[in-house]
Amino acid sequence: MKLPRLALSAALGLALAGGLSAVPAAAAGADATAHQGYTASSYAGSAAEAAGNKAFYQAVMKSALAKQAANPWLQTVVVTYNPSSAPSFASQIAASAQIWNSSERNVQLRAGSNADFDYYEGNDPQGSYASTDGHGRGYIFLDYSQARQFNPTRIVAHETGHVLGLPDHYSGPCSELMSGGGPGPSCTNPYPNATEKRRVDSLWVNGLAAR
């Protein structure tokens, strides 16, 4: 279901074959990508994925803060996402945003134009993942087959957690959102636990302070 590292051209080729409507322009020219994926295997992640996740989160924060500069009095960062290339998951994406928005004080997710990141859908044997080209540009890919096996809202909320700065922790319990598919298909919990909520709020308040 999940490979730690793939050539980007191959990964996007598989996605296109599955019906992906558009390829992120920034990713199309990259040679390789690091993935943070939703897996039910014993795979424990890699240093490349951790670095890619950090780059993704930092790029999204930089983009969101730059657009917020015109409203410096705001105490919450608004991260804008584009769900238009993942219409089959529209309700799950909206539910994921609502879950995260009810969990955090320092960052909020909103659908809109001039987005900080995008959602895409299709078929890919590695399943769903948050992907970055290693230069801070990224998107979330949602896999059809995996969404039939696992709870799709948990998948979307998990991958969105990477955008907000959280790493995978596959060995965690079902109550931990970033354990992903580790607990198995019977786990349907789409909510971050208290530790995960605090970590995201801490990451984004630090971003506000840095601004």
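Predicted model: local features only at pLDDT ≥ 70, side-chain atom pairs only at ≥ 80, totals over all residues.

Author: Residues are numbered from 1 along each chain as its sequence is written, and side-chain values use heavy atoms, with hydrogens and water left out.

Reader: What is the mean pLDDT of the protein chain, and which elements have the lowest and the highest mean?

Author: The mean pLDDT (the predictor's confidence in each residue, from 0 to 100) is 77, and 67% of the residues reach 70 or more. A contact means heavy atoms within 4.5 Å.

Reader: How many helices and strands does the protein chain have, and what makes a run of residues count as one?

Author: Helices (H or I, at least four residues) and strands (E, at least two) are DSSP runs, numbered from the N terminus. The protein chain has 7 helices and 7 strands. Helix α4 has 14 residues and spans 20 Å from its first C-alpha to its last, close to the 20 Å expected at 1.5 Å a residue; the expected span is 1.5 Å times one less than the number of residues.

Reader: Why is Arg-110 called partly exposed?

Author: Buried means under 20% relative accessible area, exposed over 50%, and partly exposed in between (1.4 Å probe, protein chains only). The relative accessibility of Arg-110 is 39%, so Arg-110 counts as partly exposed. Arg-110 is found in strand β4 (residues 107-111). Leaving aside residues up to four places away in sequence, Arg-110 touches Val-78, Val-79, Thr-80, Tyr-81 and Asn-101. Arg-110 and Val-78 are 32 residues apart in sequence, yet 6.7 Å apart in space, C-alpha to C-alpha.

Reader: Why is the pair of Tyr-81 and Tyr-119 called edge-to-face?

Author: Rings of Phe, Tyr and Trp (its six-membered ring) pair if their centres lie within 6.5 Å; planes under 30 degrees apart count as stacked, over 60 as edge-to-face and the rest as tilted. A search of the whole structure finds 7 aromatic pairs. The ring centres of Tyr-81 and Tyr-119 are 5.6 Å apart and their planes stand at 85 degrees, so this pair is edge-to-face. Tyr-81 lies in strand β3 (residues 77-85) and Tyr-119 in strand β5 (residues 117-122), so the pair ties together parts that are 38 residues apart in sequence. Both Tyr-81 and Tyr-119 are buried.

Reader: Why is the pair of Tyr-129 and Tyr-139 edge-to-face?

Author: The ring centres of Tyr-129 and Tyr-139 are 6.5 Å apart and their planes are at 65 degrees, so the pair is edge-to-face. Tyr-129 is in strand β6 (residues 129-132) and Tyr-139 in strand β7 (residues 138-143). Both Tyr-129 and Tyr-139 are buried. Ring pairs link Tyr-120, Tyr-129, Tyr-139 and Phe-141 into a cluster.

Reader: What makes a set of residues a nonpolar core, and which members of the largest one touch the most others?

Author: A nonpolar core is a set of buried Ala, Val, Leu, Ile, Met, Phe, Trp, Tyr and Cys residues joined through side-chain atoms within 4.5 Å. The largest has 36 residues, of which Val-79, Phe-117, Tyr-119, Leu-142 and Trp-204 touch the most other members. Helix α3 (residues 47-68) gives the most to this core, with 6 residues.
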